[in-house]
Amino acid sequence: MKLINRILCPTDLSPETDQALRYSLALAEANEAELVVCYCAQPGELQAAPELAGSGNGEVQHKIQKLFDGSLHRFLAGKSEPSLEWKGLVIEGEDVGDAIADAAATQGIDLIVMRSRRRPHRAALLGSTAESVCRTAPCPVLVTHSDEREWVDKEDIQLAIKRILVAYDFSDYSELALRYGIALAQEHQAELHLLHVLPPKSISEPEIAWYPPSKETAYHQAARRLQKAIPSEVSLWCNVKHAVGEGRPYREVLHYAEKNEIDLISIGAHGAGFGMRALFGSNVDRVLRQAPCPVLVARPLKPADRTDRADRTDRNWTNSTNRSYTIGPT
């Protein structure tokens, strides 16, 4: 079953956040998905900006559309006969994270791809827009950042994923992370790594055998469950590696990703060991802030609540024709 049909890429139309467009474009092409490029403005911002100001919403929408065109052309100009189904979306909201999550719900989005501006440690308590979206989004969120191992070619905007790490704690949310990890590994013939982290001091003996003759240790129990978590047919087209660690989950995930040159980390949003229940300091937040590669936060798809969001939807300015565009060299 196809997992990704519509991708939302939030941007502030700056060169930095536009880098998320590279990932969005590559994923949209690989999955034959529609791309929704979204700009979220503060109330009154559009009318106050000289480059966007117009006599009415229609003129503002046209100018925003031209800015979207420019961003897309910048990445697609070098491709031969590129074709993409996309639309531009402009929304207004005081809370950018909530506005993006609401837009994803009302637009029926399957994946949000966004850029994270990593804050310094002293400002980490304030969180970030990316972290906020990961907590409330109605779908999975792929977070990229400037200091990372990239897997989208800058010249031809093609995916080159070699190794995918799934942080797996046997919860339903980590099952969802595994589902996306398997799908991406199958699509791109990537190596799939499955990591489970045991609590500190839970491994009391050396790893001398996979199945010890006496009672199974916590390590061997976890290793056996990891093997059973992967459908047998996956090994026919994908190299699967299992690993069991011990300690703080986020530290083990980060260490494993760095050591094994992982290209993408897939992690569940509410797992027992990788949960996001705490507002600050959760394992997912820490992985997002320090990962050496993009992170996919797997969340279950949730339908839009049309009644609760009707007022906000009426204020959104969208491409009303919902057309398909063929983007060619400038």
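Reader: Which residues line the largest cavity?

Author: The model is predicted, so local features need pLDDT of at least 70 and side-chain atom pairs count only at pLDDT 80 or more, while totals for chains, interfaces and linings use all residues. Residues are numbered from 1 along each chain as its sequence is written, and side-chain values use heavy atoms, with hydrogens and water left out. A cavity is a set of points, on a 1 Å grid over the protein atoms alone, where a 1.4 Å probe fits but cannot get out, and its lining residues have an atom within 4 Å of a point. Here the lining of the largest cavity consists of I4, L27, L111, L142, W151, I161, Y180, L184, L264 and L296.

Reader: What volume does the largest cavity have, and how does its lining divide by residue class?

Author: A volume is the space filled by probe spheres set on the grid points, which are joined across faces, edges and corners. The largest cavity holds about 70 Å³, and the search of the whole structure finds 2 cavities of 30 Å³ or more. Its lining comprises 10 nonpolar residues, no polar and no charged ones, where Ala, Val, Leu, Ile, Met, Phe, Trp, Tyr, Cys and Pro count as nonpolar, Asp, Glu, Lys and Arg as charged, and the others, Gly among them, as polar.

Reader: How many salt bridges does the structure hold?

Author: Side chains of opposite charge can pair when their charged atoms come close. A salt bridge is a side-chain nitrogen of Lys or Arg within 4 Å of a carboxyl oxygen of Asp or Glu, and the structure holds 5 of them. One of these joins E131 to R289, with the closest N and O atoms 2.7 Å apart; the pair links helix α5 (residues 129–136) to helix α9 (residues 283–290) across 158 residues, helices being DSSP runs of H or I with at least four residues and strands runs of E with at least two, numbered from the N terminus. Another joins D285 to R135, with the closest N and O atoms 2.6 Å apart, and this pair, too, links distant parts of the chain, D285 lying in helix α9 and R135 in helix α5.

Reader: Is D285 buried or exposed?

Author: Buried means under 20% relative accessible area, exposed over 50%, and partly exposed in between, with a 1.4 Å probe and protein chains only. D285 counts as buried because its relative accessibility is 0%, whereas R135, at 23%, counts as partly exposed.

Reader: Which side chain of opposite charge is nearest to D110?

Author: For this reading Lys and Arg count as positive and Asp and Glu as negative, while His and the chain ends are not counted. D110 is buried yet has no salt bridge, the nearest side chain of opposite charge being R6, 6.7 Å away. A polar atom of the D110 side chain does, however, lie 2.8 Å from the backbone nitrogen of N5, and D110 itself sits in the loop between α4 (96–106) and β4 (111–115).

Note on methods: On a 1 Å grid over the protein atoms alone, a cavity is a set of points where a 1.4 Å probe fits but cannot get out, and a pocket is an open set with protein on both sides within 12 Å along at least five of seven lines; lining residues have an atom within 4 Å of a point. A polar contact is a pair of N or O atoms within 3.5 Å; within protein, one must be able to donate a hydrogen and the other to accept it, and residues adjacent in sequence count only if both atoms are side-chain atoms.
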